[in-house]
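Open the model in your viewer and keep the selection tool at hand.

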Amino acid sequence: MSESMSGSSLKIAGIAGSLRRGSYNRMLLAALGEVLPKRAALVPVEIGDLPLYNEDLNNPERLPAAVAAFKQRLSTADAVVFATPEYNYSIPGVLKNALDWASRPVAESPLRGKPAGIMGASQGAFGTVRAQLHLRHVCVFLDLHPFNVPEVLVRDPAQKFDAHGILTDGPTRRLLQQFGEALVAWTLRLRGDGAAGR
Ligand code: FNR
């Protein structure tokens, strides 16, 4: 039995939907890692080195090494959490590209049946609400299961993180803590271990 299955720790794969170094969504993921319940650990999974999806490469002989490594990292995770900005009222292309790679072959996708959490930070007044709803839509086919509440919609992130990328906004930090607790409880519940999360 793996360590995560024995109940001692949960591995949460964290994917940021932004590649830029100063990304607020990367900061949000890092902040989640700080406030997650002790039994869970956030493991950042990078998507910036994935090539653009090409069906010609999606076979065992030609699969790019970066894609194989990405899928392997997802397969060993107990749950996945996304921190995504909103781009043109949807999710960024880099995130969709990563999900497309992870989705095929469908029967072997490391995302199938996994618990998930969705959060986001954007400059706009609605703090990624439209991107998050689009991501939920994509999750349907992926058979990825995001929990619903609490929602973490961070608007005006420049006022909430300091120059070192630390989340300094108290209410957002408390919300993030509740989000982390909900993610762990949801992960345990989906694998039939709900009582262990309480
Ligand atoms: C944006 N931005 C943006 N913001 C928003 O609230 N709604 C939107 O539809 C968009 N659209 C959009 C498109 C493109 C191409 C870019 C580059 C940006 C602003 C965006 O939310 C802001 O740049 C965030 O700070 C990006 O997230 P990271 O990189 O800080 O994680």
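Start by selecting Pro150, which sits in the loop between strand E5 (145–146) and strand E6 (152–155). Strands (E, at least two residues) and helices (H or I, at least four) are DSSP runs numbered from the N terminus. Show the backbone here: the peptide bond from Val149 to Pro150 is cis, with omega near 0°.

Before going further, note that this is a predicted model, in which local features need pLDDT of at least 70, side-chain atom pairs count only at pLDDT 80 or more, and totals for chains, interfaces and linings use all residues. Residues are numbered from 1 along each chain as its sequence is written, and side-chain values use heavy atoms, with hydrogens and water left out.

Select Arg104 and Pro105 next; a cis peptide bond joins them, with omega about -10°. Pro105 lies in the loop between helix H3 (93–102) and E4. Then go to Asn88, in the loop between strand E3 (79–83) and H3. Asn88 is not a glycine, yet its phi is positive, at about 50°.

**The ligand**

Now select the ligand and the 13 residues around it, of which Ser18, Arg20, Ser23, Asn25 and Ser122 come nearest. A residue is counted as near if one of its heavy atoms lies within 4 Å. By class, this shell has four nonpolar, seven polar and two charged residues. Here Ala, Val, Leu, Ile, Met, Phe, Trp, Tyr, Cys and Pro count as nonpolar, Asp, Glu, Lys and Arg as charged, and the others, Gly among them, as polar.

- Ser18: an N or O atom in its side chain is 2.7 Å from an oxygen atom of the ligand.
- Tyr89: a backbone N or O atom lies 2.9 Å from a ligand oxygen.
- Gly124: a polar backbone atom is 3.0 Å from an oxygen atom of the ligand.

The ligand on its own has 620 Å² of accessible area (Shrake-Rupley method, 1.4 Å probe), and the protein covers 73% of that 620 Å².

**The pocket**

The space taken by the ligand is the largest pocket. A pocket is an open set of points on a 1 Å grid over the protein atoms alone, with protein on both sides within 12 Å along at least five of seven lines; lining residues have an atom within 4 Å of a point. The largest pocket has a volume of about 190 Å³, a volume being the space filled by probe spheres set on the points. Helix H1 (24–35) and strand E4 (115–122) each give two or more residues to its lining. Select the lining residues, among them Tyr24, Pro85, Glu86, Tyr87, Ala121 and Gln123.

**The cavity**

A cavity is a set of grid points where a 1.4 Å probe fits but cannot get out. The structure holds one of 30 Å³ or more, and about 30 Å³ of space lies in the largest cavity. Its lining includes Ile118, Gln132, Arg136, Phe147 and Phe179. Val149 and Pro150, from the opening stop, also line the largest cavity.

Technical notes. A polar contact is a pair of N or O atoms within 3.5 Å; within protein, one must be able to donate a hydrogen and the other to accept it, and residues adjacent in sequence count only if both atoms are side-chain atoms. A molecule sits in a cavity or pocket if more than half of its atoms lie within 2 Å of its grid points.
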